[in-house]
Amino acid sequence: MTDGAGSIDPARHVLSLLAGKWLTAAISAAASLGLPDALARGPKSLDALARELACDPSALARLLRVLAGEALVRERADGEFELLEAGRLLRREALGRLACYVGSPLGWDAWSELAWSVRTGESAFAKRHGAPLFEFLDRNPAEATLYNEAIDAFAQREAVALADAYDFGAARRVLDVGGGRGGLLQTLLARFPHLEGRLLERPAAVREAREAFARAGLAARCEAQVGDFFEAIPSGFDHCVLKHIVHSWDDDQATAILARCARAVGPEGRVLVIEGLLVRDGRRSLTNMLDLEMLVLCGPGHERTKPELRRLFAAAELELVDSQPLSETGRLFVTRPRGDARDDARTIPDPLRA
Ligand SMILES: C[S@@+](CC[C@H](N)C(=O)[O-])C[C@H]1O[C@@H](n2cnc3c(N)ncnc32)[C@H](O)[C@@H]1O
């Protein structure tokens, strides 16, 4: 933002940053009202849209003005509102369910205690809701659905990117550790018809995944197993996938999960880790912001820098064989169990060496 002479106007900059709260709330409200889906069916007048969404017309007009200012909708010359390209991403089948979650009490309330989390290093979510995130979700099915749908919306792009980026041709059996409701496995098994998959998850996610696998006609090739990755990880799989799992845990816990996966896939297997990379170059980064989300939600859980990930893999007896970006917040790290006997172990260049 410049003042015309090319320099940044600090007051405008700060006010515009603070207005982020209003924008996030406006976008989340639009998504939860179903506004993007209603306009995706065709342009509408204010009154028609208000009737369809059961809203007060003048309040809806105020919301639409803010959305128009962000190029999400546009008021046409005939007075009807239409959805613009970025607004289409807020439909339920795209990022709409993520938008609903972000502005919901579940996604929003604990953030008012961010300063407390920064002071203590502890999870504001656990303070606010009386239980760590995943235990709270186990006990609150409606909130669990809201959270899981948000994660699915967020994760779908990464699932497709993983199927594009990694050659599963030589893989046979893939275990998705903490794979939510199984969206990643559905994408992989649809793309690679020779693959078999298994999901390891908490009970509620397993119930939903089983139904999803059956609906997708994948039940014969894909199963869902209730389990705790701190207790046991089943063997018999040549690939383990851990997508946005290790960032929820401190180093000792993350190492324990990774080491178990390393043992489960055996010497020739691969452990595919998908995580964001923290950057320390002063630039705006979604992963750096997601790192604050991890602080609020999980306390000691955090995103990691290259050296931190390198140390984590080494502690879990894994070596990194490849790394590439998948999305704005996800990078694929292909690792394999470290084998001292393996001849080429020392010849692989470190993919994270800048
Ligand atoms: C941030 S979500 C990531 C979901 C999925 N991998 C993705 O990227 O879309 C973390 C997942 O870990 C699961 N989880 C948490 N604790 C677990 C445990 N002890 N054992 C198995 N799964 C667990 C949660 O239920 C949740 O679905």
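I will start with helix α17, residues 306-315, whose buried residues are Leu309, Leu312 and Phe313. Buried here means that 20 or more other C-beta atoms lie within 10 Å of the residue's own; exposed means 12 or fewer, partly exposed is in between, and the C-beta atoms are placed from the backbone. Looking down the axis of α17, the buried residues fall within an arc of 95°, so they line one face of the helix. That arc is taken over the directions from the helix axis to the C-beta atoms.

Two remarks on the source. This is a predicted model, in which local features need pLDDT of at least 70 and side-chain atom pairs count only at pLDDT 80 or more, while totals for chains, interfaces and linings use all residues. Residues are numbered from 1 along each chain as its sequence is written. As for the names, helices (H or I, at least four residues) and strands (E, at least two) are DSSP runs, numbered from the N terminus.

Back to α17. What do its buried residues pack against? They pack against α15 (251-265), β8 (318-327) and β9 (330-337). After α17 comes Glu317, with a positive phi near 60°.

Now α15 and α17 as a pair. Their axes are 8 Å apart and the helices pack at an angle of about 50°. That makes α15 oblique to α17. On the terms: axes are lines fitted to C-alpha atoms, for helices over the stretch in contact, and angles run from 0 to 180 degrees between N-to-C directions. Under 35 degrees counts as roughly parallel, over 145 as roughly antiparallel, 65 to 115 as roughly perpendicular, and the rest as oblique. The crossing of α15 and α17 is right-handed. A crossing is right-handed if the near helix is turned clockwise from the far one by less than a right angle, and left-handed if anticlockwise.

Which residues make this contact? From α15 there are Asp251, Ala254, Thr255 and Leu258, and from α17 there are Leu312, Phe313 and Ala315. By type, these residues of the α15 and α17 contact are five nonpolar, one polar and one charged. Two residues are in contact if their C-beta atoms, placed from the backbone, lie within 7 Å. Ala, Val, Leu, Ile, Met, Phe, Trp, Tyr, Cys and Pro count as nonpolar, Asp, Glu, Lys and Arg as charged, and the others, Gly among them, as polar.

Is Ala264 buried or exposed? Ala264 is buried, with 21 other C-beta atoms within 10 Å. Leaving aside neighbours within four places in sequence, Ala264 is in contact with Ile233, Pro234, Ser235, Phe237 and Cys240. Ala264 and Ile233 are 31 residues apart in sequence, yet 6.5 Å apart in space, C-alpha to C-alpha.

Arg260 is also in helix α15. Arg260 has 19 C-beta neighbours inside 10 Å and counts as partly exposed. With neighbours within four places in sequence left out, Arg260 is in contact with Phe229 and Ile233. Between Arg260 and Pro234, 26 residues apart along the chain, the C-alpha separation is 9.1 Å.

Next, helix α2, residues 20-33, and helix α7, residues 92-103. Their axes come within 8 Å and cross at roughly 125°. That makes α2 oblique to α7. The crossing of α2 and α7 is left-handed. Thr24, Ala25, Ile27, Ser28, Ala29, Ala31 and Ser32 in α2 meet Gly96, Ala99, Cys100, Val102 and Gly103 in α7. Of the residues in this contact of α2 with α7, seven are nonpolar, five are polar and none is charged.

Helix α2 also crosses helix α5, residues 57-69; the axes come within 10 Å, at roughly 115°. The crossing of α2 and α5 is left-handed. Ala26, Ala29 and Ala30 of α2 and Leu63, Val66 and Leu67 of α5 make the contact. In the contact of α2 with α5, six residues are nonpolar, none is polar and none is charged.

Last, the backbone. Most residues other than glycine have a negative phi. Ala54 is not a glycine but has a positive phi of about 55°. Ala54 is found in the loop between α4 (46-53) and α5, and is exposed, with 8 other C-beta atoms within 10 Å. Ala71, not a glycine either, has a positive phi of about 55°. Where is Ala71? Ala71 lies in the loop between α5 and β1 (73-75), and with 11 C-beta neighbours inside 10 Å counts as exposed.
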